[in-house]
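Work through the exercises below with the model open. Try each task before reading its solution.

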Amino acid sequence: MPDKASEAHRAIPRPRSDTGSVTLVGGGPGATDLLTLRGYRALMTADVVVVDRLGPLQVLDDLPASVEVIDVGKTPGHHPVPQHEINAILVEQARRGLTVVRLKGGDPFVYGRGGEEVLACRAAGVPVEVVPGVSSALSVPALAGIPLTHRGTVGAFLVVNGHDGLDVGALAAVRDRTATLVILMGVSMLSEITDQAVTAGADVGTPVAVVESGSTEHQRVTRATLGTLVERAAQVGVRAPAVVVVGDVAAADLLVPALVPEMAR
């Protein structure tokens with residue numbers, strides 16, 4: 001992000017109004033340069049930033065020293081600050097006349113519980129707006145070279161929350177190969193998810209890719225099939241955060257050009 005803009009925000013004191021506001025900023029999958037310009041600008045005008053553990057946390061280094069950063073990050077199975085308390089923090093800080101930015105990983109409205117935070121602010125009479133983010137559901141597969149749709153292969157995709165398992169629509173998509181299935185927050189449920197899919201009639205040879213820590217220097221792609229996924233994930237030690245892609249687009253050779261006769265000779 002531009003240093004000059006950052007320095008300008010550091011140098012100019014911001015007047016405080018009697019009425020604060022909340023802006024939910026989608027930070028994208030983790031890389032700072034995948035944070036939108038609008039999101040960055042919102043952060044640079046904040047008095048308080050309420051952050052999760054995922055997202056472009058390095059951007060916090062650009063904040064003026066006067067900005068208060070409140071960490072409400074959650075890890076799988078461990079939520080030190082429950083959602084209702086996060087909602088209360090946003091409202092309380094805004095009622096102090098502060099400009100509050102809620103920095104979230106991905107997009108606030110894609111499994112980010114942004115809708116709940118908007119409702120809490122509106123119920124309290126606090127002005128609130130949303131800055132969309134680059135969802136990991138779309139960006140992480142792309143960064144791993146996996147198109148969610150591909151002409152002649154599949155023309156639709158479905159995003160699900162792995163914590164809840166697969167519903168009827170998701171099972172049909174995998175079984176009939178009518179849509180790519182993108183699973184967020186599903187690492188701990190890989191065994192249950194694959195069992196569900198196979199029991200529903202899905203081909204055990206269906207390609208699967210697991211992309212860990214997408215957009216970061218620790219990004220790793222693990223390829224398998226529905227029939228080998230659980231064993232392969234255990235072998236390499238797959239860990240959250242990860243995006244699981246199920247379907248023909250996850251095949252490793254999908255974007256490998258076929259050799260023309262002249263090249264084959």
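**Exercise 1. Locate Ala 144 and decide: is Ala 144 buried or exposed?**

Step 1. Ala 144 sits in the loop between helix 5 (136-143) and strand 6 (157-161). Helices (H or I, at least four residues) and strands (E, at least two) are DSSP runs, numbered from the N terminus. The model is predicted: local features need pLDDT of at least 70, side-chain atom pairs count only at pLDDT 80 or more, and totals for chains, interfaces and linings use all residues. Residues are numbered from 1 along each chain as its sequence is written, and side-chain values use heavy atoms, with hydrogens and water left out.

Step 2. Ala 144 has a relative accessible area of 15%, so Ala 144 is buried. Buried means under 20% relative accessible area, exposed over 50%, partly exposed in between (1.4 Å probe, protein chains only).

Step 3. Set aside neighbours within four places in sequence. Ala 144 is then in contact with Val 211, Gln 219, Val 221 and Arg 223. Contact means heavy atoms within 4.5 Å.

Step 4. Take Val 221 from that list. Ala 144 and Val 221 are 77 residues apart in sequence, yet 7.0 Å apart in space, C-alpha to C-alpha.

**Exercise 2. Which residues of helix 5 are buried, and what covers them?**

Step 1. Check the start of the helix. A side-chain oxygen of Ser 135 comes to within 3.1 Å of the backbone nitrogen of Ala 137.

Step 2. The buried residues in helix 5 are Ala 137, Ser 139, Val 140 and Pro 141.

Step 3. Their cover includes strand 6, strand 7 (180-184), strand 8 (207-212) and strand 10 (242-246).

Step 4. Look just past the helix. Gly 145 has a positive phi of about 80°.

**Exercise 3. Examine Ala 156 in the loop between helix 5 and strand 6.**

Step 1. With a relative accessible area of 33%, Ala 156 is partly exposed.

Step 2. Leave out neighbours within four places in sequence. Ala 156 contacts Leu 148, Thr 149, Thr 178, Ala 179 and Thr 180.

Step 3. Thr 178 is 22 residues from Ala 156 in sequence and 7.1 Å away, C-alpha to C-alpha.

**Exercise 4. At what angle do the axes of helix 7 (residues 190-199) and helix 8 (residues 229-236) cross?**

Step 1. Two packed helices are described by the angle between their axes and the distance between the axes.

Step 2. The axes of helix 7 and helix 8 come within 9 Å and cross at roughly 160°. Axes are lines fitted to C-alpha atoms, for helices over the stretch in contact, and angles run from 0 to 180 degrees between N-to-C directions.

Step 3. Helix 7 and helix 8 are therefore roughly antiparallel. Angles under 35 degrees count as roughly parallel, over 145 as roughly antiparallel, 65 to 115 as roughly perpendicular and the rest as oblique.

Step 4. Leu 190, Ser 191 and Thr 194 of helix 7 make the contact with Leu 229, Val 230 and Ala 233 of helix 8.

**Exercise 5. Repeat the analysis for helix 3 (residues 83-95) and helix 4 (residues 114-123).**

Step 1. The axes come within 9 Å, crossing at roughly 45°.

Step 2. Helix 3 is therefore oblique to helix 4.

Step 3. Helix 3 contributes Gln 83, Ile 86, Asn 87, Leu 90 and Val 91 to the contact; helix 4 contributes Glu 116, Glu 117, Ala 120 and Cys 121.

Conventions: A polar contact is a pair of N or O atoms within 3.5 Å; within protein, one must be able to donate a hydrogen and the other to accept it, and residues adjacent in sequence count only if both atoms are side-chain atoms.
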